[in-house]
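Hi,

Here is the structure I promised to pass on. Have a look at it first, and then read my notes below.

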Amino acid sequence: MSSTNEKFPTNVTPKYIPFDKDHEGILLNGDPKPLDLAKEFKDSTVIVTAIPGSFTKVCSTKHIPAYIEHIKQFKEKGVKNIIVFAVNDPFVQASFGKALGYKDPENFIIFATDPDGKISQELGEDYVLDLSKAGMGLRLERYAAIVVDGYIKYLASEQEGNFTDVSSPENLLKRLPNV
């Protein structure tokens, strides 16, 4: 189980589809690309947040829209990127970002896969959620992390997919100056 001042797992390569103007429509996507987490974290502050599922109620109406609303504040705090993990495939993740109105070629927010929840499982059992009884299989627990130069400076998960202050952008923004 990972905790503060441990390295964020980088041995699994998630995929993502960067937004570009040629694929602006929700159903239009480019090709999936590997996301090199070690490179992403090097000499940087990166926010990682995870969702139980793209297009699910809380993820679509509260959690990720709140991050989109706070992009400017994250940039002002020196954050390089925000990575949004889900077990969904990269096509679903890319379409999810566009459906939420995030269409920025800068790709400050990266909508990436956590294949089979492998990255989140390395963080510990509190970071995955078994929704098999609801017909959704293994999902990610809603969580958030502040990663500085590859090291976890803040990591906490919600319970049963809830969305509280634990994974809110406001909470992370308050913690950033203290990192």
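Before anything else, a word on burial: I call a residue buried when its relative accessible area is under 20%, exposed when that is over 50%, and partly exposed in between, using a 1.4 Å probe and protein chains only. By that rule Ser 44 counts as buried, at 9% relative accessibility.

Please keep in mind that this is a predicted model, so local features need pLDDT of at least 70 and side-chain atom pairs count only at pLDDT 80 or more, while totals for chains, interfaces and linings use all residues. Residues are numbered from 1 along each chain as its sequence is written, and side-chain values use heavy atoms, with hydrogens and water left out.

**The whole protein**

The protein has 6 helices and 9 strands. These are DSSP runs numbered from the N terminus: helices are H or I with at least four residues, strands are E with at least two. A compact globule of 179 residues would have a radius of gyration near 16 Å, and the protein agrees with that at 15 Å. (That radius is taken over C-alpha atoms, and the globule rule is 2.2 Å times the number of residues to the power 0.38.) Along the principal axes, the C-alpha trace spans about 40 × 40 × 30 Å. Buried residues make up 51% of the 179.

**The cores**

In soluble globular proteins, nonpolar side chains tend to be buried together. By nonpolar core I mean a set of buried Ala, Val, Leu, Ile, Met, Phe, Trp, Tyr and Cys residues joined through side-chain atoms within 4.5 Å. The largest one here has 24 residues, and the members touching the most others are Ile 47, Phe 74, Ile 82, Phe 108, Ile 109 and Leu 172. Among the elements that give two or more residues to this core are helix 2 (57-69), strand 5 (109-113) and helix 6 (169-175). Strand 4 gives the most, with 4 residues. Leu 172 touches Ile 47, Tyr 67, Phe 74, Ala 144, Ile 146 and Tyr 154, if you skip residues up to four places away in sequence; contact means heavy atoms within 4.5 Å. There is also a second, separate core of 22 residues, including Tyr 16, Leu 37, Ala 50 and Ile 119.

Phe 41 sits in helix 1 (residues 37-41) and is buried, with a relative accessible area of 1%. Leaving out residues up to four places away, its contacts include Phe 8, Val 48, Ile 83 and Val 147. The C-alpha atoms of Phe 41 and Tyr 151 are 8.3 Å apart, although 110 residues separate them along the chain. Ser 44 belongs to the loop between helix 1 and strand 3 (45-50). Beyond its neighbours within four places, Ser 44 is in contact with Lys 80, Val 147, Val 148 and Asp 149.

UniProt, in an unreviewed entry, places the feature "active site" at Cys 59; its positions are given in the numbering used here, feature names are shortened, and annotations may be inferred rather than shown by experiment. Cys 59 is in helix 2 and is buried, at 0% relative accessible area. Setting aside neighbours within four places, its contacts include Ile 51, Phe 96 and Arg 142.

Phe 96 is also one of the buried residues of helix 4. Helix 4 (residues 90-99) is mostly covered, with 7 of its 10 residues buried. After helix 4 comes Gly 101, with a positive phi near 95°.

Cheers
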